Amino acid sequence: TSSRSASPRRSAPVRAVVRAAADTDYDTIIVGAGVSGLCTAFTLGRSSPGTRMLVTEARDYVGGNITTKSKDGYTWEEGPNSYQPGDAILTVACDAGMRDDILLADPDSDRFVLWDGKLRALPSSIQTAVLGTFLTWPGKIRAGLGAIGIRPPAPGKEESVKEFVSRNLGTEAFERLIEPFCSGVYAGDPAMLSSEAATGRVQRLEPLGGSLVVGALMAQKEAFDAKKLKGPRDPRLPEVRGQTVGSFRGGLKTFPQGLAKQLGPEKVKLSWKVTKIQKMEGGGGFTIDYDTPEGPKTITTATVVMTAPAYVTAEVVKDMAPKASVALDKFYYPPVASVTISYPETAFKLDGASALPKGGLTGFGQLHPRSQGIRTLGTIYSSSLFKDDRRQPEGEFMILNYIGGARDTVVADMTDEALVNAVHADALKTILKPGTPLPKVVGVKIWPKAIPQFNIGHMALLAEAKAGLDAAGCEGLFLGGNYTAGVAMGRCVEFGVEQAGTLESYLLDKALNKPRPAAEEEEEKREAVGARSR
């Protein structure tokens with residue numbers, strides 16, 4: 001157990017909560033104890049400690065797809081492997097007593113992309129982009145001209161990521177730079193992914209400034225102005241340099257487990273599976289039926305936050321809101337397998353771009369464009385990324401491989417042995433010495449429904465789901481989870497914090513505007529008459 005930081009805490013504003021519905025068991029029930037749900041509950045509990053809330057999770061552990069495993073001297077991730085260390089996740093970690101557990105990778109480490117049989121470091125600055133070999137000179141010129149606005153105009157329709165990037169930066173920049181990231185982050189098809197939904201912060205730059213460069217400058221000014229209004233950065237937060245990524249001591253599971261510990265077992269219930277949600281008579285809240293380890297339970301609540309996957313939410317609301325259920329069931333989650341394997345440090349080539357002179361690898365990892373004949377989507381250099389956390393035995397080097405996705409769905413039916421053979425064959429083509437024998441298998445996990453695809457029409461489909469809930473009179477039921485906000489762990493935390501504010505405002509407004517019982521009003525009138533007569 002690590003020591004806890006004794007650094008001063010920035011106090012959050014605390015408000016007293018007026019009961020939104022005194023005739024329900026809870027003010028809110030959050031379905032799903034993943035990152036979004038736990039951050040919503042934790043933030044709401046700090047800002048409105050009087051809120052009666054419950055977090056329920058169908059699985060027997062918290063964290064959603066965050067699955068850190070430890071065995072025989074290895075610690076590895078079977079779901080997400082790291083996060084972008086924005087202030088939101090760092091603040092929540094500090095608030096929950098995990099300041100000393102935060103790990104940040106070396107910001108100077110390279111990320112590599114395979115092209116023409118060689119691993120090439122991604123440009124880390126304008127200088128390396130111009131002088132490096134990642135793009136050809138024609139590709140650099142095309143990307144530079146497009147970035148300053150010399151490119152075809154926007155088509156006036158929703159563009160795919162492939163269309164948006166190719167139009168703005170050229171085909172070469174798309175194929176070598178963006179396509180592998182679409183595979184690595186979404187396990188998706190960039191010809192199907194929506195530029196607005198999947199890359200919203202980049203896509204908005206063009207309409208914001210007329211070109212990507214001007215838009216980026218304007219976005220930087222917006223961010224600077226917002227920081228000035230917010231005031232000084234929380235002194236508890238660690239300095240974040242460069243394009244680093246984060247984890248926690250002992251793996252990512254430390255974060256959701258720490259939040260659940262702060263909330264306490266009376267507020268976080270595991271192995272509670274929702275079977276049905278119904279509106280209460282009179283429209284005053286919801287009734288939720290559960291299968292629990294203690295048997296069936298029925299609970300009433302003023303509000304519900306559904307952070308479970310879209311297909312789970314679709315099933316539980318289908319009787320109450322059939323149109324919303326149909327829309328929610330259309331979100332697509334392709335299969336992905338995570339394959340963690342370990343080699344002797346001496347098994348790696350010594351002449352590769354990511355090679356270390358004495359064996360092993362350096363950097364974040366490598367991505368593989370689909371055109372390069374490598375089946376593995378990407379490989380994380382686990383032993384290099386958070387090397388101070390000692391996640392493997394001495395003398396070994398562990399790598400995490402992701403394989404599958406929207407363009408390789410057959411992985412869902414492959415055996416563990418076949419998956420290991422596939423990623424080993426790819427590693428032989430890129431980073432291993434010829435003839436290296438099969439590795440030690442640390443862990444294999446197949447996710448049949450892994451990452452929601454933010455494809456063209458995603459935002460419209462989400463709006464359709466919300467409209468279906470409204471049409472069914474489901475006021476007070478909020479949708480959450482990574483299909484609503486974004487798949488990155490850091491974005492799920494941001495959304496959870498935002499959702500807590502939305503929920504708090506809704507509950508307060510509901511409490512202030514709810515009609516009072518006639519008997520209560522009559523009693524108040526009698527007291528007023530009595531006071532005047534005295």
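Colleague: First one: is Cys 94 buried or exposed?

Modeller: Cys 94 counts as buried, at 3% relative accessibility. Buried means under 20% relative accessible area, exposed means over 50%, and partly exposed is in between, with a 1.4 Å probe and protein chains only. Keep in mind that this is a predicted model, where local features need pLDDT of at least 70, side-chain atom pairs count only at pLDDT 80 or more, and totals for chains, interfaces and linings use all residues. Residues are numbered from 1 along each chain as its sequence is written, and side-chain values use heavy atoms, with hydrogens and water left out.

Colleague: Switching topic: which residues form the nonpolar patch on the surface?

Modeller: Among them are Ile 126, Trp 137, Leu 145, Val 213 and Met 218, and the patch has about 1,200 Å² of accessible area together. That area comes from the Shrake-Rupley method with a 1.4 Å probe, and for residues only the protein chains shown count as cover. Patches take residues with over 30% relative accessible area and no salt bridge, joining like charges within 9 Å and nonpolar side chains (Val, Leu, Ile, Met, Phe, Trp, Tyr) within 5 Å. A salt bridge is a side-chain nitrogen of Lys or Arg within 4 Å of a carboxyl oxygen of Asp or Glu.

Colleague: Which element gives the most to the patch?

Modeller: H10, with four residues. Helices (H or I, at least four residues) and strands (E, at least two) are DSSP runs, numbered from the N terminus. Met 218 lies in helix H10, and Met 218 is partly exposed at 37% relative accessibility.

Colleague: Last one: what's up with the phi of Asp 72?

Modeller: Phi is positive there, about 55°, although Asp 72 isn't a glycine. Asp 72 sits in the loop between strands S3 (68-71) and S4 (74-77), and is exposed, with a relative accessible area of 64%.
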